[in-house]
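The sequence and structure come first.

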Amino acid sequence: MAYFEQPERILLRVNVSYMTLTVVLALLFNLLPWHDLVGVPDMAALVLAFWCVHQPRRMGIGIAWFVGLIMDAGNGALLGQHAFAYAFLAFGAITLHRRILWFSLWQQAAHLLPLLLASQALMLGVRMIAGGAFPGPMYFAGSLTGAALWPTVTFILLLPQRRPESVDENRPL
């Protein structure tokens, strides 16, 4: 079992400023000019889903809605398109967070894939209702890439919370 798949590790408390930094960095990643390329994951959705699974009391639907509005304004998309999809994604991740955390990282990615696909389908549905054209089935490749990145994202985002490997004989934890 790999270092980051050890469920018996006790994590430190998460820092809210670190959560904010990761969401801002994911937003900046999404606002780069490659959002029209095939297979580029929606990092904001992935980071929001991660924090909703791991910290459901600190990251919620309202924050996801706000991040979605920023994405809509930044991409020039129909206002509310990303907000609706991110709020749905946050609701699904918070609802399933206890179930998801019982599984290994690849099984967690398999649980997250339908949420990411549904989020993208909602964005596409809103765009098509507003008169947009169907971009083709490769539009959903970003969700597959995002699910494949789930173990790496989990490892990176949990790094500051990891306790050191050294064991103190006077403290059992």
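Helix H5 contributes the largest share of the lining of the largest cavity, 4 residues. The model is a predicted one, and it holds 1 cavity of 30 Å³ or more. The volume of the largest cavity is about 80 Å³. Its lining consists of Val-40, Asp-42, Ala-45, Leu-116, Ser-119, Gln-120, Met-123, Gly-142, Ser-143 and Gly-146. At least two of the lining residues come from each of H5 and helix H6 (141-158). By class, the lining has 4 nonpolar, 5 polar and 1 charged residues.

| Helix pair | Axes come within | Crossing angle, roughly |
|---|---|---|
| H4 (residues 81-100) and H5 (residues 105-129) | 9 Å | 160 degrees |
| H3 (residues 61-75) and H4 | 7 Å | 150 degrees |
| H1 (residues 16-30) and H3 | 10 Å | 25 degrees |

**H4 and H5.** The axes of H4 and H5 cross at roughly 160 degrees, and the two helices are therefore roughly antiparallel to each other. Their crossing is right-handed. On the H4 side the contact is made by Gln-81, His-82, Phe-84, Ala-85, Tyr-86, Phe-88, Leu-89, Gly-92, Ala-93, Leu-96, Arg-99 and Ile-100. H5 brings Gln-108, His-111, Leu-115, Leu-116, Ala-118, Ser-119, Leu-122, Met-123, Val-126 and Arg-127 to the contact. Of these contact residues, 14 are nonpolar, 6 polar and 2 charged. Leu-116, Ser-119 and Met-123 of H5 are among the residues in contact with H4, and Leu-116, Ser-119 and Met-123 are also among those that line the largest cavity.

**H3 and H4.** For H3 and H4, the axes cross at roughly 150 degrees, which makes H3 roughly antiparallel to H4. This crossing, too, is right-handed. H3 takes part through Ile-61, Ala-64, Trp-65, Val-67, Gly-68, Leu-69, Met-71, Asp-72 and Asn-75. The H4 residues in this contact are Gln-81, His-82, Ala-83, Phe-84, Tyr-86, Ala-87, Ala-90, Phe-91 and Ile-94. The contact of H3 with H4 divides into 13 nonpolar, 4 polar and 1 charged residues.

**H1 and H3.** The axes of H1 and H3 cross at roughly 25 degrees, so H1 is roughly parallel to H3. H1 passes H3 in a right-handed crossing. The contact joins Val-23, Leu-27 and Asn-30 of H1 with Val-67, Ile-70, Met-71 and Asn-75 of H3. It comprises 5 nonpolar and 2 polar residues, and no charged ones.

Note on methods:
Residues numbered from 1 in each chain as written. Predicted model: local features only at pLDDT ≥ 70, side-chain atom pairs only at ≥ 80, totals over all residues. Heavy atoms only, no water. Axes fitted to C-alpha atoms, helices over the stretch in contact; angles between N-to-C directions. Parallel < 35°, antiparallel > 145°, perpendicular 65-115°, else oblique. Left-handed = near helix turned anticlockwise from the far one by under 90°. Contact = heavy atoms within 4.5 Å. Nonpolar A, V, L, I, M, F, W, Y, C, P; charged D, E, K, R; others polar. 1 Å grid on protein atoms, 1.4 Å probe; cavity = no way out; pocket = protein on both sides within 12 Å on 5 of 7 lines; lining within 4 Å. Points joined across faces, edges and corners; volume = space filled by probe spheres on them.
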